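Dear colleague,

Please find below the structure that I am handing over to you. My notes on what was found in it follow directly after.

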Amino acid sequence: MNNFNYYKATDGMGAIQKVASGRKVDFIAGGTNLLDLWKYDLTDFESLVDINALGELKSIGENENGGIVLGALVTNADTAYHPLVEKRYPILSKAILAGASAQIRNSATNGGNLLQRTRCHYFYDADLPCNKRVPGSGCPAIQGHNRMHAILGHSNSCIAVFPSDMCVALSVLDAVVHVSGAVGERSIPFGEFHRLPGTSPHLDNTLGKNELITGISLPKEGFADNYAYLKLRDRHSYAFALVSVATVLKMEGDRIQEIRISLGGVAHKPWRVKDAELYLRDKRPTEENFGYAATLILEGSKGFVHNDFKIDLAKRAIVRNCLMALKPESQRPGAQPSL
């Protein structure tokens, strides 16, 4: 039995100050990942600060820039089915609904989704070394069974992948994460929020100590006309991606005016290569052009025997998903183009 103190926060600053008051104190909202970590004896707390009463973080609405703000405490399910999201940012709705299960989406929050830890089985086994749990202890995944692991952005310290579907879509939407701490508020561009492992794989993101995610803002442009999310996995539901791809684009005649492509399941964070997107601008949306862009995205990729297949799989997935984005209706079951 893990004994701990429980506090129910009534205001954001009070919650932040409470978390700052001790070393083993943290926020809890949906708790879908935090309680898993605790159950597997991967973390422990002296106190938890429940932030579910912070009503100001439970809404979705338009902002002064014509975009929308997703409250950090809005559940993944309510976000995916919100009329503004479904109409203006369908790539986000589709990505969220590809993740987890209905039960988990009903509890998991937007802020928590950004903060979830890797699902690497070596990380989840407290009896094994893991640099994400105990820096300097080693990474057995490199020489072990690594079928689910990274092919991009990895290091000698860690080859784990970040599991979120939602975050892959937020990456192509150029979202901004808003946080609040004891010293004030700040905004973090989404591409700068998650870290690559380097020599510090235990640091998943750039959130400061005791900072609280308050919301996620999306720009006005939601790419509602041309988008696609493709998740390749071992089974159709409740499984993490081997490779996932989010693509959004705008056409001008028969040419690509703008395109954004992000990969999931292949790195320690959603993976975008802007040089590949720049290459595709003003190009025709052909399989050949998408294939070359995929080569740019996967430049430097490296497998570890069991996951070597991911490199070719990712290239095929990028091309397929870009073609799907030209006709979003092709994403209906049985209507997807094949290569």
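The largest cavity is lined by 14 residues, and those nearest its centre are Cys120, Cys130, Cys139, Ala141 and Cys158. Please bear in mind throughout that this is a predicted model. The volume of this largest cavity is about 70 Å³. By class, its lining consists of 11 nonpolar residues, 2 polar residues and 1 charged residue.

In total, the structure holds 2 cavities of 30 Å³ or more. The second largest cavity has a volume of about 60 Å³. Its lining is made up of Gln116, Arg117, Thr118, Lys132, Val161, Phe162, Pro163, His194, Asp204 and His268. Sorted by class, the lining of the second largest cavity comprises 3 nonpolar, 4 polar and 3 charged residues.

I turn next to a pair of helices. Helix α10 covers residues 287–297 and helix α11 covers residues 309–326; the two pack with their axes 9 Å apart, at an angle of about 135 degrees. Because of that angle, α10 counts as oblique to α11. The crossing of α10 and α11 is right-handed. On the α10 side, the residues that take part in the contact are Glu287, Phe290, Gly291, Ala294, Thr295 and Ile297, and they meet Lys315, Ile318, Val319, Cys322, Leu323 and Leu326 in α11. Taken by class, the residues of this contact between α10 and α11 divide into 8 nonpolar, 2 polar and 2 charged.

Where is arginine 133 found? Arginine 133 belongs to the loop between α7 (110–115) and α8 (166–172). Leaving aside residues up to four places away in sequence, arginine 133 touches Leu42, Tyr122, Phe123, Asp125, Ala126 and Leu128. As for glutamate 64, this residue and arginine 133 are 69 residues apart along the chain, and their C-alpha atoms are separated by 41 Å.

With kind regards

Methods. Residues numbered from 1 in each chain as written. Predicted model: local features only at pLDDT ≥ 70, side-chain atom pairs only at ≥ 80, totals over all residues. Heavy atoms only, no water. 1 Å grid on protein atoms, 1.4 Å probe; cavity = no way out; pocket = protein on both sides within 12 Å on 5 of 7 lines; lining within 4 Å. Points joined across faces, edges and corners; volume = space filled by probe spheres on them. Nonpolar A, V, L, I, M, F, W, Y, C, P; charged D, E, K, R; others polar. Axes fitted to C-alpha atoms, helices over the stretch in contact; angles between N-to-C directions. Helix = DSSP H or I, 4+ residues; strand = E, 2+ residues; numbered from the N terminus. Parallel < 35°, antiparallel > 145°, perpendicular 65-115°, else oblique. Left-handed = near helix turned anticlockwise from the far one by under 90°. Contact = heavy atoms within 4.5 Å.
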